[in-house]
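Trainee: Before we discuss this fold, could the structure be displayed?

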Amino acid sequence: MERITRTCMTIPGRIIEEQKNYYIIDTAGGPVRASTKGLLKKDKVRVCVGDMVDCEVINEDSRDGIIFGIHERKSFFKRPSLANLTQMILVATFREPPIDLESLDRLLLCAGAYELSTVIVFNKSDLTCADSTSKRRIIDALLAIGYPVLETSARTGDNLEALLAACAGHVSAFAGLSGVGKSALLSLIFPNRKFVLGKVSGSNGRGTHTTTHVALLPLPAGGYIADTPGVSLVDLPLVPEEDVVTYFPELERLIGGCKFNNCIHDNEPGCKVRELVEAGKIAVWRYEHYRKIYREMLDRRREYK
Ligand code: GDP
Ligand code: ZN
C-alpha cells in the first residue's frame, strides 16, 4: 500500500510544548512537531503554549509539520506565558502550611480578573486538623459563595478522581503557596513526569518560578494541565477599586441593598454588607480582605496617575 508522505490538509491543534525551533501540537490525529515557517513574523513572536493553531503535516512518518495560522486567543497569562487557560486550581492546606485565607482571596480575585473558572483544593486531607470547627466553617463559607471545594491528599490519593473530573475539558493551571502540595498532586496525576517536590522559593513565601517554559499535559478525559507547580500570582492584576466587589460574589449580590447607592461597604451608615457581617451571614475574613484589596487598588490607581 502506498504511504502518504505529504498531505495538503490543514488540521487544527493546540500547542502543548515549546522546543528549540519547534512546537509540539496536540491534534486529533496525534502530536505534530511543527515549525512556524508558515507564519508572518509578527505571529511568530506572539505564538505560545496553549495557542490553537492550524498546521499541515508535511511528513506522516516523522509527524513533522508547519504552522500556518493562529486562532484568536481567548486569554493570555503572563507568568509563565500561557494562552487560553480556562481554569485555575487553587491549592491550599489547613496544616503544613497553615491556612492563609488572605492569599486564597487574592488568588480568587486573580482568577476572577482573568475570567478563569476556579476549583479550591484543600490538600493534605490525610493530616488531622486541630481546629476542625473552623475548617468546616471556612469550607462551608466558600461553598455558600458558590466556589467548588475539594479535599484531596496527594499522599493517599484521596479525591484524585474528583479533581481529575473537575479538570476534564479545561486548560488548567495550579496556583497556591509553596509547600501546599501542587507538585505532589501533579506527580500523582502524571506519574511519568518529574516534578520537583518540597521546593520553597521566593522571599515572600508566594514562590517565584524561574521556569520560563511551560508544557500542557493532556488528560485522558480531555483537557490539559500546565506542568508548572504554580503560576506566579505575586502581582494582582490592576482592578479598578469599584470593581473589586465583583470578585466577592456574596458582597456583590447585595448591591442595591445599601442605603447609599455608591456605598463602598467600608463604614457608611446603612451598609447592608456590614450588617450581614455583624449578623454572621458574611465571613469576617472575606469582608476584611475585600476592604484591604479595595484600598490597595485605590492607592495603586492614584500612584499610577
Ligand atoms: P508545592 O510547593 O505546592 O509544589 O508543594 P510540594 O508538592 O513540593 O509539597 C510540599 C511537601 O508537602 C512535600 O514534602 C510533600 O511530600 C508534602 N505533601 C504534598 N502533598 C501532601 C499530602 O497530601 N499529604 C501530606 N501529608 N503531605 C503532602
Ligand atoms: Zn454597603
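**Helices, strands and salt bridges**

Trainee: At what angle do helix H4 and helix H5 pack?
Mentor: In this predicted model, helix H4 (residues 160-167) packs with helix H5 (residues 182-189), their axes being 11 Å apart. Helices (H or I, at least four residues) and strands (E, at least two) are DSSP runs numbered from the N terminus, and axes are lines fitted to C-alpha atoms, for helices over the stretch in contact, with angles from 0 to 180 degrees between N-to-C directions. H4 is therefore roughly perpendicular to H5 (65 to 115 degrees). The packing angle is about 85°.

Trainee: Which conventions apply to the model?
Mentor: Residues are numbered from 1 along each chain as its sequence is written, while chains are lettered from A and ligands numbered from 1 in the order written. As the model is predicted, local features need pLDDT of at least 70 and side-chain atom pairs pLDDT 80 or more, whereas totals for chains, interfaces and linings use all residues; side-chain values use heavy atoms, without hydrogens and water.

Trainee: Which residues of H5 make the contact with H4?
Mentor: Contact means heavy atoms within 4.5 Å. On the H4 side, Leu160, Leu163 and Leu164 take part. Their counterparts in H5 are Leu185, Leu188 and Ile189.

Trainee: Which residue of S5 is the bridge partner of valine 53?
Mentor: Strand S4 (residues 52-59) pairs (at least two DSSP bridges) with strand S1 (residues 10-19) in the antiparallel sense over five bridges, and glycine 13 has valine 53 as its partner in S4. S4 is also joined by six bridges to strand S5 (residues 64-70), and these two strands run antiparallel. In S5, the partner of valine 53 is isoleucine 70.

Trainee: Which residue forms a salt bridge with arginine 63?
Mentor: Arginine 63 takes a positive phi near 60° in the hairpin of S4 and S5, which has four residues between the strands. Its relative accessibility is 19%, so arginine 63 counts as buried (under 20%; exposed is over 50%, partly exposed in between, with a 1.4 Å probe and protein chains only). A salt bridge places a side-chain nitrogen of Lys or Arg within 4 Å of a carboxyl oxygen of Asp or Glu. Here the closest N and O atoms are 3.1 Å apart, and the partner is glutamate 60.

Trainee: How far apart are the closest N and O atoms of glutamate 288 and arginine 291?
Mentor: Both residues belong to helix H8 (residues 284-304), and because they are three residues apart, about one helical turn separates them. Glutamate 288 is partly exposed at 36% relative accessibility, whereas arginine 291 is buried at 12%. They form a salt bridge, with the closest N and O atoms at 3.5 Å.

Trainee: Which residue pairs with glutamate 275 in a salt bridge?
Mentor: The two partners lie three residues apart in helix H7 (residues 272-278), about one turn of the helix. Glutamate 275 is partly exposed at 44% relative accessibility. At a closest N and O distance of 3.2 Å, its partner is lysine 272.

Trainee: Which strands stand at the edges of the open sheet of six strands?
Mentor: The order is S10-S9-S8-S11-S13-S12, with mixed pairing. Each edge strand has a single partner strand, so one side of each is left without a neighbour in the sheet. The edge strands are S10 (149-151) and S12 (216-218).

Trainee: Which residue of S13 stands opposite serine 172?
Mentor: Strand S11 (residues 171-175) and strand S13 (residues 224-226) run parallel, joined by two bridges. Opposite serine 172 stands isoleucine 225.

How values were computed: Parallel < 35°, antiparallel > 145°, perpendicular 65-115°, else oblique.
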